[in-house]
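Could you look this one over with me before we talk? My notes are below, in the order I'd go through them.

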Amino acid sequence: MTATAPAEPNDRMLLLAVRRGDEAAFASLIDRYHPSLVRIATLFVRDYETAEEVAQETWIGVLKGLDRFEERSSFRTWLFSILTNQAKRRGERERRIVPFAALSRPADGDAEPAVDPDRFIPPGEEWAGYWASPPRDLVENPERALLSAEAQAVIDAAIAALPPNQQAVIRLRDVEGWEAADVCNALGLTATHQRVLLHRARSRVRQAIEPYVEQRAVLADG
Amino acid sequence: MGDTDVMNCQEFVELVTDYLEGALSPADQARFEAHLDYCDPCIVYIEEMRLTIGAVGRLSERDLAPAARDQLLAAFRDWKRTA
Ligand SMILES: [Zn+2]
């Protein structure tokens, strides 16, 4: 579904061509991965310009390390490991980096409920734990409603407000389209913790899109 | 929560991601699906989670200007000369 899920053999063929000095092959890899590299770099550094620089340094790292690339790992995994090393090095120089450990460490927000408990019937009552204020019916074309500039800005803001670990997981999983196992490897997470973080993150964003996808309440006064 | 408990909505919303990830035990998956059979608000809820995933996924379509392309290709030519 997402833009970056290319077949692995293609990457390898391109890489072999790059080793032979094929500039067009290198350009193809840049076109395929550079936007994703910049987006991922923004997880580690605080501004877009620095992220762009880190992504560029990553490509230089690719050229320098071409002979050392082992075919056992996927190109994408290798590319990402170069990126994180560049980002860490940059962080040591500028002390502006998001600490890498913050991406794998449990954070306060991890234990928050997916939905405000006030929206359910309280314990002790009949139907405890069932919706007291349920979601309303969806609007006719909710996908289109989410394409409005306002909804996009709300989604951006909801993601930006997440703790770093949740933000890293939702962006790698749902924006970049990575498999769960790859995210666990990259961030040093267990499978269970990765799912917890993904759940918190998606739940927060779901909450933010409610006003755009649900029908408005019918006003009781006539 | 025992396997035979009926699942309520508050438990349901906490298990949506595990369900979508295929990480529920067979017993919990059966309880989850049983809840979906009769609870319309939770059908809306899981649909909203799917909408969320789709909307977040579309962020990758916002193209970034390939400002670095020319610079990087120049670096490639340097590398080729010296390699
Ligand atoms: Zn329910």
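The points below take the model as a whole and then go part by part.

1. Ground rules. This is a predicted model, so to speak of local features we need pLDDT of at least 70, while side-chain atom pairs count only at pLDDT 80 or more and totals for chains, interfaces and linings use all residues. Residues are numbered from 1 along each chain as its sequence is written, chains are lettered from A and ligands numbered from 1 in the order in which they are written, and side-chain values use heavy atoms, with hydrogens and water left out.

2. The two chains. Chain A has 9 helices and 0 strands, and chain B has 4 helices and 0 strands. Helices (H or I, at least four residues) and strands (E, at least two) are DSSP runs, numbered from the N terminus. Of the 222 residues in chain A, 49% are buried; for the 83 residues of chain B the figure is 41%. Buried means under 20% relative accessible area, exposed over 50%, and partly exposed in between, with a 1.4 Å probe and protein chains only.

3. Contacts along each chain. A contact here is heavy atoms within 4.5 Å. In chain A, 66% of the contacts with a separation of 6 or more come from residues 24 or more positions apart. In chain B, 59% of the contacts between residues at least 6 apart in sequence join residues at least 24 apart.

4. The zinc site. Which residues hold the zinc ion? They are Cys9(B) through SG, His35(B) through NE2, and Cys39(B) and Cys42(B), each through SG, at 2.0 to 2.4 Å. Donors are N, O and S atoms within 2.8 Å of the metal (3.2 Å for Na, K and Ca); water is not among the atoms, so sites may look incomplete. The spacing of the donors along the chain is C-x25-H-x3-C-x2-C. Cys9(B) sits in helix H1 (residues 9-20) of chain B and His35(B) in helix H2 (residues 26-38), 26 residues apart, so this pair links distant parts of the chain.

5. Zinc geometry. The arrangement is tetrahedral because the 4 donor atoms subtend angles of 104 to 114 degrees; for four donors, the label requires all angles to lie between 85 and 135 degrees. The ideal angle for four tetrahedral donors is 109.5 degrees. Cys9(B) counts as buried, at 1% relative accessibility, and His35(B) is also buried at 1%.

6. Helix H3 of chain A. This helix (residues 48-65) has 18 residues and reaches 25 Å from its first C-alpha to its last, close to the 26 Å expected; the expected span is 1.5 Å times one less than the number of residues. Its buried residues include Trp59(A), Val62(A) and Leu63(A). Asp47(A) caps the N-terminal end, with a side-chain oxygen 3.2 Å from the backbone nitrogen of Glu49(A).

7. Domains of chain A. The assignment gives domain 1 (11-98) and domain 2 (103-221); such bounds come from an automatic or database domain assignment. Their centres, taken over C-alpha atoms, are 30 Å apart. The contact between them takes 9 residues from domain 1 and 11 residues from domain 2.

8. Arg200(A) lies in helix H9 (residues 191-213) of chain A and is buried, at 13% relative accessible area. The Arg200(A) side chain makes a polar contact with the side chain of Glu14(B), at 2.9 Å. A polar contact is a pair of N or O atoms within 3.5 Å; within protein, one must be able to donate a hydrogen and the other to accept it, and residues adjacent in sequence count only if both atoms are side-chain atoms. Trp127(A), in the loop between helix H4 (75-94) and helix H5 (142-145) of chain A, is exposed at 53%. Trp127(A) is not a glycine, yet has a positive phi of about 65 degrees.

Notes. Four donors count as tetrahedral if all angles lie between 85 and 135 degrees; four count as square planar and six as octahedral if opposite donors are over 155 degrees apart and all others between 65 and 115; anything else is irregular.
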